[in-house]
Amino acid sequence: MSSLISPRVCLVAAVVALAAIGSTIAAERSSSVMADAATRLLGSLTPAQRQEASFAFDAEERMHWHFIPTEMYPRKGLLIRAMSEPQRKLAHELMKAGLSQRGYLTASSIMDLEMVLRGIEAAERAAAPQAPRGQVLERDPEKYFFSVFGTPSAKATWGWRVEGHHVSLHFTVVNGTLVASSPSFFGSNPAEVREGPKKGLRILGAEEDAARALLQSLDAAQRAKAIIDTTAPGDMVTMATVNINPLSPSGLDAGAMTAAQRDLLMKLLDVYIGKMAADIAEDRLARVRTAGVEKVAFAWAGETERGKKHYYRIQGPTFLVEYDNTQNDGNHIHSVWRDFNGDFGRDLLREHLTRTPH
């Protein structure tokens, strides 16, 4: 019978097998690169710095997260500004290990945007010195905290986090190879820089533009289903809640979209998925597809005119994306990817404990 198998079939089978092997190697490479980067960072620290940066894997601290300024939400970990220049480079190498080039540029650009925000707020105070002021917040591109949970290893379970104003990234490595990458939060204030040397900068512009492309493609009946409210909520519905559940109403299902509209939906999802390292992104996408792309829903709230306050969410059986641009008169973005059962690696840990004797 083997003589009846065509060379073309053999070639296809080989390609499929190589793709599967490549995916496995990529996954091992990502987790291995993160372990190596975290080990090198910890090895460069003084004993006092290492004590600030290190936590037990099962510490409650691993579940603590937020995206607001540190004055409003005290954080633990080692500050970038408390590091030497070589240590800072190693910290950024750890960020690069978990993110794609696009994701790393997004995170580092958000950090740099603190300087723009500092200038905007200083100008506002100078223009109205007698105006009542709330708490003056420190805007500093080096006020971001690195934390490592457990011992970085190519075989064991551990995790790491980088967090500060408008950046909150969490990675959990289970059994040395399986990687969880949520919650992952990116924000931008201002959403669009309107004055100064960086005028026109829109760090999270793709998050808005891809959603608008999908919204504008919908016909009247589809819009009536997708637009769940004419007023946008003041912020993301789930905020920094540790445990989340699916939100209702869910909006317009992909199963009710045309093929072209589903392509636009997948392009919007890629804006979020594509920020992760390649193998982590592949795993996110595989989970979406396994649960059913047709079950993914898009919902919009608020005004549809550009520059006005708006909100959207993308929700599937396993995940939730929330995006909100309502603060500062619609020029301040919050966006997040959440996994209903997978945040902080909970599903991977549960599966690992079930399969592995302890």
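**View 1. The crossing of helices α5 and α7.** Helix α5 passes α7 in a left-handed crossing; a crossing is left-handed if the near helix is turned anticlockwise from the far one by less than a right angle, and right-handed if clockwise. The model is predicted: local features need pLDDT of at least 70, side-chain atom pairs count only at pLDDT 80 or more, and totals for chains, interfaces and linings use all residues. Residues are numbered from 1 along each chain as its sequence is written, and side-chain values use heavy atoms, with hydrogens and water left out. Helices (H or I, at least four residues) and strands (E, at least two) are DSSP runs, numbered from the N terminus. The axes of α5 (residues 205-217) and α7 come within 9 Å and cross at roughly 165 degrees, which makes α5 roughly antiparallel to α7. Axes are lines fitted to C-alpha atoms, for helices over the stretch in contact, and angles run from 0 to 180 degrees between N-to-C directions. Angles under 35 degrees count as roughly parallel, over 145 as roughly antiparallel, 65 to 115 as roughly perpendicular and the rest as oblique. From α5, Ala 206, Glu 207, Ala 210, Ala 211, Ala 213, Leu 214 and Ser 217 meet Gln 261, Leu 264, Leu 265, Leu 268, Val 271 and Tyr 272 of α7; contact means heavy atoms within 4.5 Å. The residues of this contact comprise ten nonpolar, two polar and one charged. Here Ala, Val, Leu, Ile, Met, Phe, Trp, Tyr, Cys and Pro count as nonpolar, Asp, Glu, Lys and Arg as charged, and the others, Gly among them, as polar.

**View 2. The crossing of helices α7 and α8.** The axes of α7 (residues 259-273) and α8 (residues 278-291) come within 10 Å and cross at roughly 140 degrees, so α7 is oblique to α8. This crossing of α7 and α8 is right-handed. Met 266, Leu 269, Tyr 272 and Ile 273 of α7 meet Ala 281, Arg 284, Leu 285, Val 288 and Arg 289 of α8. Seven of the residues in the contact of α7 with α8 are nonpolar, none is polar and two are charged. Ala 281, in helix α8, counts as buried because its relative accessibility is 11%; buried means under 20% relative accessible area, exposed over 50%, and partly exposed in between (1.4 Å probe, protein chains only). Apart from neighbours within four places in sequence, Ala 281 is in contact with Ile 273 and Met 276.

**View 3. The largest nonpolar core, around Phe 298 and Ile 314.** A nonpolar core is a set of buried Ala, Val, Leu, Ile, Met, Phe, Trp, Tyr and Cys residues joined through side-chain atoms within 4.5 Å. The largest has 71 residues, and Phe 298 and Ile 314 touch the most other members. Helix α7 gives the largest share of this core, seven residues. Beyond its neighbours within four places in sequence, Ile 314 contacts Leu 265, Leu 268, Leu 269, Tyr 272, Val 296, Ala 297, Phe 298, Phe 319, Leu 320 and Val 321. Another core, of eight residues, lies apart from it and includes Phe 67, Met 236, Ala 240 and Phe 344.

View 4. Val 173 is found in β5 (residues 167-174) and is buried, with a relative accessible area of 0%. Val 173 and Met 34 are 139 residues apart in sequence, with their C-alpha atoms 8.9 Å apart in space. With neighbours within four places in sequence left aside, the contacts of Val 173 are Ser 31, Met 34, Ala 156, Thr 157, Trp 158, Leu 178 and Val 179. In the loop between β5 and β6 lies Asn 175, which has a positive phi of about 60 degrees although it is not a glycine. Asn 175 counts as partly exposed because its relative accessibility is 41%.

**View 5. Helix α10 and Phe 344.** Arg 346, Asp 347, Leu 348, Leu 349 and His 352 are buried in α10 (residues 346-355). Their cover includes β5, β6 (178-180) and α8. Phe 344 is in the loop between β13 (333-339) and α10. Phe 344 is not a glycine, yet has a positive phi of about 60 degrees; at 2% relative accessibility, Phe 344 counts as buried.

**View 6. Two cis peptide bonds.** The peptide bond from Asn 189 to Pro 190 is cis, with omega near 5 degrees. Pro 190 has its place in the loop between β7 (184-188) and α5. Ser 248 and Pro 249 are also joined by a cis peptide bond, with omega about 0 degrees. Pro 249 sits in the loop between β8 (227-229) and β9 (252-253).
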